[in-house]
Every structure is written in C-alpha cells, then in structure tokens.
Amino acid sequence: MEPTIFEREQHSMFQVYRRLPMAVERGDGCRLYDIDGRAYLDFLAGIAVNALGYNYPKLTDAIIRQVQSYLHVSNVFFQEPQVRLAELLTEHTGYARVFFSNSGAEALEGALKLAKRWGNERGKHELLAFKGGFHGRTYGALSMMDKPLYKDGMGPFLPNTQVLPLNDSAALRSAVNKETCAVVLEFLQGEGGIVFADPDFVNTILELQEQYDFLIIADEIQAGIGRTGKFFGFDHFMVKPDIVLLAKALGGGLPLGAILGGKKVENVWDKGMHGTTFGGNPVACAAGEVVVKEVIAHLQHNAHETGCYLRENLIILQNEFPSLIEEVRGCGLMMGLKLSVLAAPFVQAMLQRRVIVNATADTVIRLVPPLVVKRADIDEFAIAMRECFIEYLAQSSSASTASNGTAKAKQPATV
Ligand SMILES: *Cc1c(COP(=O)(O)O)cnc(C)c1O
C-alpha cells in the first residue's frame, strides 16, 4: 500500500510540529476542505494569518497581476508594491518609516537591532520583555521569552535581556533604570493565552518611559491589522509605541513582516545597516496592500461587530459550563476560553465536528477566525463547542462512575 501523507511527513521532515490529522486540499472563505472533500469551519485562520479567509478574489487578482510583472528583483531596486504598502501604512498609522521583513521573528530581530543602535549611543543596553509573550523562534526573539520548551538546551541567549512578570508594576519599577534601552511587549498576548496588559501596568510603563527615556516596542504580529476591532491591539490603550512589529495577517497568507518606526527612531539606521534578500517581496507587498485596504474599509469594523457577537456566545457558554470555563478573554476576533482543564482534547473533539480551533498556553482555547467571519459561522461554532462541552462532562461523569465499576468511559476524564 502507498504510504499516507502522514507517514511520508514523519519520514521526511523534522518532527517539530504537532499537526492536526488533516491534509488540506483547498480553502474558500472561512472553510477549509480536506483531501477527502470534507468541509471544516476554520477558526484558526492559519494562526491569525488569513484575515481575508481563503480564495478572496481581490487578493488573488492583486497577486496574479504582480506575479505576471515580476516575482523578485531584490532590494537593489525601487519597487512600486513596497512603496505603496509603506505609504499606506505610514499614512494610516502616523508612523514615520517602514522596513519589510519576511516573518514575525525577523521583524523582531530587526527591531532589537534598531533599538540597540538607538540605545548604544545613549548608554542604554538593557532589553526587557514579559513572561507569556511570544516573539518568534530566533535567538533574539527567544531571548525576550521565558518558555522552557522553546529554549531548553539551546542557549546561551542574548546578554542584557530580562523577562519580567507581566502586569507586575513593582517588578518593572525595580528592573528599569537609565540603562534600559527598550521594553518589548504584546499589549494583548496571543500565544500566552489571550492575555491583556493591565491599563495600570501600561501606565507604569509610560511613567517610567517619561522618567528614563527608553523605547517601547509593540509586538502587534498577532493582534495587529484590525483583528481586535481596532487597527492595533495597543489602540485599546492610551499609548503610542516607538516601534511596532507586524507580520501574520500582513501578507494575506504570503510571508511578510514589517517594522514601523516613529519619529524617535526614524533616522537611526543609515544605508547598509540592516537588510534582507527576500523581505518586502513585491508579490507579498501587493497582497499586503489589499489586506490593509480591506481591513481599513470594513474588516476592522467586522472584527469589532462579529467579535462582540462571538463574545456574547462565549459568555453564554461560560454560564452553561461554569465548571469548565473559567474566563472569556480577549476582544474582537482574538478571543480565548480559559478552561479549568486541558484545552487539547477539545481541539480534537471540535475537529470531529469539522470546526478548527487551537489550544494555547495549555488550558486556553484560542479563537482567531478570518476577519471575514459572519454571525452564522459564530452560531455554527457555538453549537459545536456546546456539544463538545456536553460530551466532555458526560464522559467525565461516566468515567467517575466507571471507577465505581458500573459503567465504562470511552476516554479518561482528565488527559
Ligand atoms: C507569530 C508571532 C511571532 C512570530 O512570527 P513568525 O512569523 O512565526 O516568526 C511573533 N510575535 C507574535 C506576537 C506572534 O504571534
């Protein structure tokens, strides 16, 4: 018998990904179709990447047009798609300058270099970040993170870095001094379990910045570009970071990241100080222009509206299953259900009902659907989610009965 794609992957690729048992054939709107033709409602969207869902005609058209012109020429040349996207971003956000990268981690790396270059002239060398943050898999990014699974046995990491508890103003006050160069944070943590910074904590950052003059680097790679119902996640606070990182949704599914820099850093870099071969790929930038325009025109509004509807549904579920759902987190279309139990079994149970969700931070079900999602999709998700919670409770009660020897559970109650 021919080996399956699952076996072939196992024998040919490094086994670093815990993949869902599903091979994708194609996508359309908020649906993915597997190689057996089954349709799935996708509330993961390529990990908060596919803001426009799948097969979005304007996006496809823009990509095809650019593919027919040129795929790549390198940053030796001036390229209209890059400049257009940079103009769109600067005009819409008020940031002064843009640098395009290929990925989120690469944007973070560039931002650390930019910050260091700014800080080194001022005797500022220390970089601070916060627990639960996720910034990518490169050495600079990992140096700004505390997750053992991602770091163990792979050090040493960057010196002059510290990862502090999030929302702990006292810890921050004792860490910051005149040598602090920058603080890096997700104002709404994604991977960390859909966790907001406290407004008080953000005020402490601002107050300390006033006192010591360091840079604030906002990692908006997941929360940015309309997902939370505002253009940036940090727009939910009274703050204007000095450097902003974008990636994930920016290229509409093509690899594209960006560093946005405000006035304070606009002249820090000179010719040759940073660069990339592929970053700012013209096809990705042409896609990015469509994404950003669609987000501004209507999808950010949909993220807010449909996000509110999602939240209402999650709260109804929480009221129905208070023993399982501890908290409804996030806003817009970046939501999380903090459970009292592990989230992974629910990902599998939802997949059986043809809905794709994701588990993060062990006990959080992360919901980051395409920004084109509709109320009817939310209804469909909520029905499946309810069934999964009912099934879970039924199984755990039959499992506890089973331990008395009267019934047999299909699955252990706790995994
Ligand atoms: C995904 C993500 C990154 C890393 O992006 P990559 O493109 O995977 O390198 C960094 N920061 C945040 C907040 C992310 O969600």
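How do the axes of helix H4 and H10 cross, and within what distance do they come? In this predicted model, the axes of helix H4 (residues 80-93) and H10 come within 8 Å and cross at roughly 30 degrees. Because angles under 35 degrees count as roughly parallel, that crossing makes H4 roughly parallel to H10. The handedness of the crossing between H4 and H10 is left-handed.

## Other helices packed with H10

Helix H10, which spans residues 282-320, also packs with helix H3 (residues 57-69), here at an angle of about 155 degrees and with the two axes 8 Å apart. Since angles over 145 degrees count as roughly antiparallel, H3 and H10 are therefore roughly antiparallel to each other. In passing H10, helix H3 makes a right-handed crossing.

A further pairing joins H10 with helix H12 (residues 375-402), where the axes come within 10 Å and the crossing angle is roughly 20 degrees. That angle makes H10 roughly parallel to H12, and the crossing in which H10 passes H12 is right-handed.

## Ligand surroundings

An oxygen atom of the ligand, in turn, has a polar side-chain atom of Gln222 at 2.8 Å. Taken alone, the ligand exposes 390 Å², and the protein buries 81% of that area.

Most residues other than glycine have a negative phi, and most peptide bonds are trans.

The peptide bond from Gly155 to Pro156 is cis, with omega near 5 degrees, and Pro156 itself lies in the loop that runs between helix H7 (148-151) and strand S6 (161-164). Asn167, although it is not a glycine, has a positive phi of about 65 degrees, and this residue is found in the loop between S6 and helix H8 (169-175).

Conventions: Residues numbered from 1 in each chain as written. Predicted model: local features only at pLDDT ≥ 70, side-chain atom pairs only at ≥ 80, totals over all residues. Heavy atoms only, no water. Polar contact = N/O pair within 3.5 Å; in protein donor to acceptor, adjacent residues only side chain to side chain. Areas by Shrake-Rupley, 256 points an atom, 1.4 Å probe, with all protein chains shown as cover. Axes fitted to C-alpha atoms, helices over the stretch in contact; angles between N-to-C directions. Helix = DSSP H or I, 4+ residues; strand = E, 2+ residues; numbered from the N terminus. Parallel < 35°, antiparallel > 145°, perpendicular 65-115°, else oblique. Left-handed = near helix turned anticlockwise from the far one by under 90°.
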